[in-house]
Each structure stands twice: as C-alpha cells, then as structure tokens.
Amino acid sequence: MISLLSRNASPAIARGASRVSAPSPALWALAIAAVALNAPAVLADGDDTASRTPLEVVVVTGRQPGPPLWRVSNGDNQLYVFPTFSPVPKGMIWESDRVASVLADSQEVIFAPDVEADFSIGVMLNPINLIRGRRLAKRLTRNPDGKTLDEVLPPALYARYEALRRRYFPRDDGLERDRPFVAGTRLSERIQREVGLVGGGQVTKPLRRLIKRQNHLERTRIEYVLPLKGSFKKLARRADELFESLSQEQELACFEAQLLRMEGDLEAMKSRANAWAQGYVDEFRDIPLPGDEADACLQLLRESSELATIDEVRGELEARWLAAAEQALANNARTFAILDIVELLREDGLLARLQSRGYEVWEP
C-alpha cells in the first residue's frame with residue numbers, strides 16, 4: 001500500500017510486494033485524489049489581508065518553550081492533543097520537556113489520521129508501468145496542447161506569477177508548461193524553501209523520537225486503506241477523468257490563492273511558527289482554515305470527479321479518530337494524541353465534536 005500523506009518519502013518496498021512508503025512517479029497521478037484528502041488537515045498559511053503581515057519578524061531558531069497542548073477531560077481521565085502544522089522556519093527547535101513528561105505518564109498515543117492507497121500487485125511490480133506512469137504524470141500535469149502559462153492565465157495573473165518567479169528564481173522558468181494547479185503548488189514550495197521555510201518534519205520528527213522512547217505506550221493508528229484496484233489502463237483512465245473534471249475557473253482561483261500567500265504572507269508564516277514554538281495559538285485563530293468555503297484549492301478538488309471518494313474517506317477517518325478518542329477517555333487516566341492544528345481550531349473540527357458530546361475541552 002502507498003501512504004498518501006508522506007509526500008517527501010522515497011519509494012521503498014516494505015511488508016509485502018504491494019506496500020511502498022510513498023507514491024512513486026509512476027503512480028503519483030493515480031493517487032492525487034487521495035492526496036487531496038489531506039488538504040483539510042493542512043493549515044492555510046495565507047489569508048487575504050496582507051496588511052496584517054508584521055513589518056519585521058524575528059525568526060527564532062533556538063530552543064523555545066512550546067508547543068501548546070489542548071486537553072480533553074472525562075472526569076479524571078485526560079486526553080492531551082499535540083498540534084502539528086507546516087511550514088516552519090528551518091532550524092526551529094521546540095522545547096520537548098513538557099511533551100516528554102505527558103508521554104511518560106500516558107498509557108496510549110493516538111496518531112493523526114492517515115490514508116494509504118492499495119494498488120494491485122500486478123500494477124506495482126510491472127516495470128513497464130513505471131515508464132507509463134511517468135508519462136501519464138507528465139501529461140496530466142502539463143497544459144493541454146502544449147500551451148504555456150502565459151497562454152492560459154489572464155494577463156494580470158500571469159504578471160503576478162512572473163514577478164514572483166523573477167524575484168525568487170529568475171534563471172529558471174521550468175514551471176512554464178505546468179497547468180496552473182500544479183504550477184502554483186510547485187511555485188509555493190520553491191519560494192518557501194528560498195525564504196527558509198520547510199515542511200512540518202521539524203515538528204514531527206522530534207515528536208516521533210519521543211514516542212519511540214516510550215515502549216510502554218499502546219500505539220493506535222487511524223488509517224484508511226483506499227482500494228485502487230484494476231489494470232494500469234483502468235487507473236489511468238480514472239486519473240484522466242479526475243484532471244478533466246477540474247473546473248478551469250476554480251483552478252485559476254486556486255492558483256491566485258497560492259500567489260496571494262506568496263505575495264503577502266511569508267513573514268506571517270514565520271511569525272505563526274514562532275508563536276507555536278512559544279506556546280501561543282492566537283495568531284492562528286483569525287485566518288481562513290482549509291475546509292472553509294474560502295479555500296479555493298480544496299474547493300477545486302471537491303468539484304472534481306473524486307468528490308464521493310474524498311467525502312467517504314474523510315468521514316471514515318473522522319469517525320475512527322473520534323471512536324479511538326472516546327475509548328481512550330473511558331479507559332485511560334492519560335492519553336496523548338496528535339492532530340493537525342486545523343482540526344483543533346475549526347468550529348466543526350474533531351475537538352469541537354468531542355465537546356458537543358459532553359467532554360470538557362481546554363484550549364491553550
């Protein structure tokens with residue numbers, strides 16, 4: 001099976017011929033709909049109020065007192081929730097003593113929801129499919145008829161894209177043939193690297209090490225296996241249908257939203273990361289969150305041919321996490337859980353749903 005939430009891992013066979021740790025280039029295009037399932041669990045790093053960006057932000061890369069922990073109570077039983085997020089400044093170190101103490105006193109750790117794709121063994125092992133898949137991914141991520149971004153984007157939007165490209169990587173126009181949905185994502189990733197922002201691994205890697213040291217912990221994983229069976233031809237047709245179903249208007253809205261983040265929110269991203277490391281969450285509360293109507297990129301995928309799949313997997317993962325949390329609150333004196341910070345702040349998020357069921361929720 002393929003873990004669809006491990007974007008930076010390299011392909012590796014593990015625990016059987018049909019299991020790999022992350023999508024290979026051959027299968028990336030086929031798995032993109034399931035990757036989209038994680039969109040609601042990734043914090044919206046930007047908003048439409050660039051004027052709120054601090055004039056000067058000191059990026060703290062030394063040891064910090066955070067992170068904040070949420071707490072859910074059922075009488076004397078406590079569930080502590082660790083918030084993850086991305087991106088963060090490269091080199092940021094967070095103080096782990098409090099988290100280590102909670103883990104040492106806990107009986108169980110509940111991991112954040114994850115999705116895996118289960119492809120047919122024949123598809124996985126056929127070396128010809130590696131070549132086919134790369135060709136498919138290249139074709140799907142490019143503009144139809146060989147068009148370039150300046151031919152498919154409105155002039156004003158293309159001018160904004162060009163301004164960002166020339167500012168951050170003026171000698172490279174390798175995104176010019178990508179379709180807007182893909183180009184916007186790659187542009188955002190490159191710019192964030194340029195300004196010293198990296199993925200959430202700097203948050204989760206130290207956390208995984210702390211958990212690994214606690215051999216007494218019961219480990220509860222919330223996983224959904226998405227079956228993607230059939231021949232390569234069948235799966236390729238499904239991928240084609242997905243990309244063909246993407247609304248051009250919504251794709252441009254998604255692209256513009258990504259530009260807006262890169263134009264006005266980079267310093268605010270650093271500021272929010274510093275606030276998290278220092279144990280504060282106020283800077284996260286007033287920004288648009290994935291899953292809201294304002295999230296143009298999520299809306300793009302929700303209007304696609306994979307809407308039913310997206311809703312099914314999200315619903316199942318949420319139900320499984322809630323069931324695990326309620327069981328832990330009934331049986332354990334102390335439990336440690338992990339969720340993306342979005343789920344902790346959304347009005348209809350998982351903690352809000354626990355609160356609606358009568359549990360007491362404490363926010364930092």
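**A buried threonine and a covered helix**

In this predicted model, T335 counts as buried because its relative accessibility is 0%, against a cut-off of under 20%. The residue sits in strand β12, which spans residues 334-340. Setting aside neighbours within four places in sequence, T335 touches Q78, L79 and Y80, then S106, E108 and I110, and also A328.

Stepping back to the whole protein chain, there are 15 helices and 13 strands to look at. Of the 364 residues, 51% count as buried.

Among the helices, α11 is worth a look. Helix α11 runs over residues 266-277, 12 residues in total. From first C-alpha to last, α11 reaches 17 Å, close to the 16 Å expected at 1.5 Å a residue. This helix is mostly covered, with 11 of its 12 residues buried. The buried set takes in L266, then A268, M269, K270, S271, R272, A273, N274, A275, W276 and A277. After α11 comes G279, which has a positive phi, near 90°.

How values were computed. Residues numbered from 1 in each chain as written. Predicted model: local features only at pLDDT ≥ 70, side-chain atom pairs only at ≥ 80, totals over all residues. Heavy atoms only, no water. Helix = DSSP H or I, 4+ residues; strand = E, 2+ residues; numbered from the N terminus. Buried < 20%, exposed > 50% of the residue type's maximum accessible area, 1.4 Å probe, protein only. Expected span 1.5 Å × (residues − 1). Contact = heavy atoms within 4.5 Å.
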